[in-house]
Amino acid sequence: MEAKQLAVTGSSTPQSPVYRALLRAGPSHRALQQVHGHIVVSGSHRSRALLTKLITLACEAGSIFYTRRLFLSVPNPDSFLFNSLIKASSKFGFPQHTVFFYHRMLGFRIAPSSYTFTSVIKSCADISALRLGRCVHSHVLVCGYGSDSFVQAALVTLYSKSGDLGAARTLFDKMPERSVVAWNSMISGYEQNGFSREAIEVFNQMRDFGVEPDSTTFVGVLAACSQLGALGLGCSVHHDVINNGLHVNVALGTSLIIMYARCGNVSKAREVFDSMNERNVRAWTAMISGYATNGYGSQAVELFCQMRAHGPVPNTVTFVAVLAACAHAGLVHEGREAYANMRQEYGLVPGVEHHVCMVDMLGRAGLLTEAYQLIKELAPEEAAPAVWTAMLGACKMHKNFDLGVIVAEHLLEVEPENPGHYVMLSNIYALAGRMDRVEMVRNMMMGRSLRKQVGYSTIDVNQKTYLFSMGDKSHPETNEVYRYLDELMSQCREAGYAPVHESVMHEVEEEEREYALRYHSEKLAIAFGLLKTKDGMAIRIVKNIRMCEDCHEAIKFMSVVTKREIIVRDKLRFHHFKDGSCSCMDYW
DNA sequence: TTAGGGTTAG
C-alpha cells in the first residue's frame with residue numbers, strides 16, 4: 001500500500017510521503033533498504049535531499065559499507081552531502097571513513113567549512129592520528145578557520161589524545177575565548193596522559209577565570225583524584241558537585257564510585273552506587289571492580305549475582321572484575337563458575353585478561369599444575385606474557401623452584417627487555433639458595449643495561465601531595481622522618497617484627513640490604529603521615545609498583561604499635577592494615 | 001531542498 005503511494009506521488013520534499021517513510025525507518029539497515037527500494041521505484045532517487053538523509057541514516061545504523069556504496073552512486077556529490085557524511089561518520093564511530101570522505105571532498109574541490117573541520121579533527125583524535133591531524137591543522141589555517149573556537153577546542157583534544165600535550169597547551173593558552181568544553185578538553189587531556197596534578201591545576205585556573213564547571217569537568221577532575229588516590233580532594237570535589245546543584249548522571253556517578261573505590265573508601269563508593277537512579281553496565285562494573293581491588297571478594301561476587309538477577313547484561317570487562325575479585329579472595333569455586341558462565345550463558349570469549357585472572361586465582365590457591373595446564377591449553381597467540389607472569393608469581397609464592405625457572409626462562413625469551421622478569425627469576429634462585437644463579441641473572445640484566453623500575457610512594461596531607469622514594473633525603477623534614485621511622489621500626493621489632501630479606505633486590509650489596517629495606521618509600525611516607533596527622537586518623541599511601549613482602553610485614557606491626565589504620569594502594573590492589581593484619585590476608 | 005560542532009565514566 002505504502003509502496004504504491006510512494007510510486008504515485010514521487011515527490012521528494014521533506015513533507016512528502018517518501019521522506020516521511022525514511023524518517024519512520026530511522027537508523028535501521030533493513031528498513032532503510034526497503035525505503036531505498038521505494039525511492040528507486042518512485043523515481044525520486046535523483047533528489048539530493050532524500051539521498052543525503054538516506055545516507056546519513058545508513059551511517060547512523062552502523063552500515064558503513066552500505067553508506068559508502070550509496071555515496072559512490074551519487075554522481076556529483078555537493079558540499080551538503082559531504083558535510084553530512086563527515087559529521088555522521090565521525091559521530092557514529094567510523095573515523096577512518098571520515099578521513100576518506102574528507103579526502104574525496106577535497107578531490108572534488110569542495111571547500112570545507114568550520115563544521116567540516118570539527119568533525120574531521122575529532123576523527124583524527126579518535127585514532128590518535130597526529131601526523132594527519134597536523135596536516136588538517138595546516139589546512140584549517142589556510143582556509144581561515146584558525147580562530148574558530150569550536151575548531152580550536154577540537155584541536156586541543158586532538159593534540160592531547162595523541163599525546164602531544166605541549167602542543168595542546170600552547171594552543172589552549174592562545175585561545176582568546178575558552179568555552180567550558182575547551183577547559184574540559186584540557187583537563188581530561190592531562191588526566192588521560194597521567195598528569196593528574198596538572199589536570200587539577202587547570203581546574204583551579206578555570207575557577208579563577210570564573211568559568212562554571214559542568215558534569216563533564218567533574219568527571220575529568222574526579223578521574224585525576226582517582227589516579228592520585230587523593231581522597232581529601234576527591235571529597236571536596238564531590239561537595240562541589242552537590243553545591244553546584246549538578247545532576248549526577250551515570251558517567252558522573254560512575255566517576256564518583258571509581259574515585260572513592262580507588263581512594264580506599266569502598267563504603268562511600270557503595271553509597272554513591274545505591275543513590276544513582278540510572279545504573280548501566282559500566283556503573284555496575286565499576287562497583288564490582290572497586291570491591292575486587294579492595295579485597296572484598298565475596299561482596300564483589302554478591303553484587304555480581306544481583307547484577308545477573310536484575311541488572312544490565314555483564315560484558316567482558318565485568319568478568320575481568322569478577323575474576324580478579326575471586327583471584328584476590330581465594331574464591332576458586334566462584335571463579336571457575338564465572339569463567340564457565342562467561343561463554344555458556346553470555347557467549348563472551350575470554351581474552352588475555354581473563355586468562356591472567358584464572359592463572360592468578362588457581363596459582364595463588366596452590367593449584368599450580370592446573371594453572372600451568374590452563375596456559376598450555378591456550379592457543380599460542382593467547383598465551384601472552386602477562387599470563388606467564390601470573391604463573392611466575394604463583395611459582396614464587398609457593399616456592400616451586402623447578403616450574404618457576406621454566407616459566408621465567410620462557411618469559412626472558414619472549415620479553416628480554418622486561419627487567420621485572422629478571423628480578424623474579426633472581427628472587428626464585430635466591431629462594432632456592434642458588435646464589436651462583438642469582439649472580440648470573442644479575443650479570444645478564446646489567447649486560448642489557450636494564451634497571452628495576454624505581455618505586456615511589458605518595459601521601460596526601462591537608463590536600464597536598466608528598467612524594468617519597470627509597471632513601472630519599474630531599475624532603476625538608478627528612479631528618480625528623482628518618483629519626484621517627486628508626487624509632488618506629490625498633491618498636492616493631494620489640495613487638496616481634498623480623499625483616500624479610502628475600503625481597504631485597506639482588507643488585508643491592510649485603511651491607512646495604514638492611515638500610516634499603518628500612519627506607520623503602522612506603523615506610524618513609526607512612527612515617528611522614530604518622531608525624532603529620534592526628535592520632536587515630538587513617539593513613540593512606542599510593543605506591544607506583546607492588547609492595548615488597550618485608551614492607552607488608554612491617555606495616556602490619558606498624559598498625560599495632562601506632563593503633564592506626566594504614567591503607568596502601570599498590571600497583572595491583574589495596575591493602576588495608578589494621579590491628580596487625582591486612583585485608584588481603586597475606587594472599588597477594 | 002536539507003543542519004550543524006568540540007569535552008565525560010567500567
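Q: In this predicted model, which strands each supply at least two residues of the lining of the largest cavity?
A: Happy to start inside the protein! The lining of the largest cavity includes Arg540, Ile541 and Val542, along with Ile567 and Arg569. Strand β4 spans 566-569, and β3 covers 539-543. The strands that each give at least two lining residues are β3 and β4.

Q: Which element gives the most to the lining of the largest cavity?
A: This cavity holds about 50 Å³ of space. Its lining divides into 5 nonpolar, 2 polar and 3 charged residues. With 3 residues, the top contributor is β3.

Q: How much space lies in the second largest pocket?
A: Let's move on to an open site. The second largest pocket is lined by 18 residues, and those closest to its centre are Asp460, Val461, Asn462, Thr533 and Met537. By class, the lining has 8 nonpolar, 6 polar and 4 charged residues. The space in this pocket comes to about 400 Å³.

Q: Which element provides the largest share of the lining of the second largest pocket?
A: Two or more residues each come from α15 (231-243), β1 (456-461) and β3 (539-543). The largest share is 4 residues, and the element that provides them is β1.

Q: Are helices α4 and α6 roughly parallel or roughly antiparallel to each other?
A: Now for some helix packing. The axes of α4 (residues 48-60) and α6 lie 9 Å apart, at an angle of about 15°. Angles under 35 degrees count as roughly parallel. The two helices are therefore roughly parallel.

Q: How many charged residues are in the contact of α4 with α6?
A: On the α4 side, the contact uses Thr52, Ile55, Thr56 and Cys59, which meet Phe80, Leu81, Ser84, Leu85, Ala88 and Ser89 of α6. These divide into 6 nonpolar and 4 polar residues, so by the class definitions the number of charged residues is none.

Q: Is the crossing of α6 and α8 left-handed or right-handed?
A: Helix α6 (residues 79-91) and helix α8 (residues 114-126) have axes that come within 9 Å and cross at roughly 30°. That angle makes α6 roughly parallel to α8. Where α4 passes α6, the crossing is right-handed. For α6 and α8, the crossing is left-handed.

Q: How many polar residues does the contact of α6 with α8 have?
A: From α6 come Asn83, Ile86, Lys87 and Ser90, while α8 brings Thr116, Ser119, Val120, Lys122, Ser123 and Asp126. Of these, 2 are nonpolar and 3 are charged, and the number of polar residues is 5.

Technical notes: Residues are numbered from 1 along each chain as its sequence is written. Chains are lettered from A and ligands numbered from 1 in the order in which they are written. This is a predicted model: local features need pLDDT of at least 70, side-chain atom pairs count only at pLDDT 80 or more; totals for chains, interfaces and linings use all residues. Side-chain values use heavy atoms; hydrogens and water are left out. Axes are lines fitted to C-alpha atoms, for helices over the stretch in contact, and angles run from 0 to 180 degrees between N-to-C directions. Angles under 35 degrees count as roughly parallel, over 145 as roughly antiparallel, 65 to 115 as roughly perpendicular and the rest as oblique. A crossing is left-handed if the near helix is turned anticlockwise from the far one by less than a right angle, and right-handed if clockwise. Contact means heavy atoms within 4.5 Å. On a 1 Å grid over the protein atoms alone, a cavity is a set of points where a 1.4 Å probe fits but cannot get out, and a pocket is an open set with protein on both sides within 12 Å along at least five of seven lines; lining residues have an atom within 4 Å of a point. Grid points are joined across faces, edges and corners, and a volume is the space filled by probe spheres set on the points.
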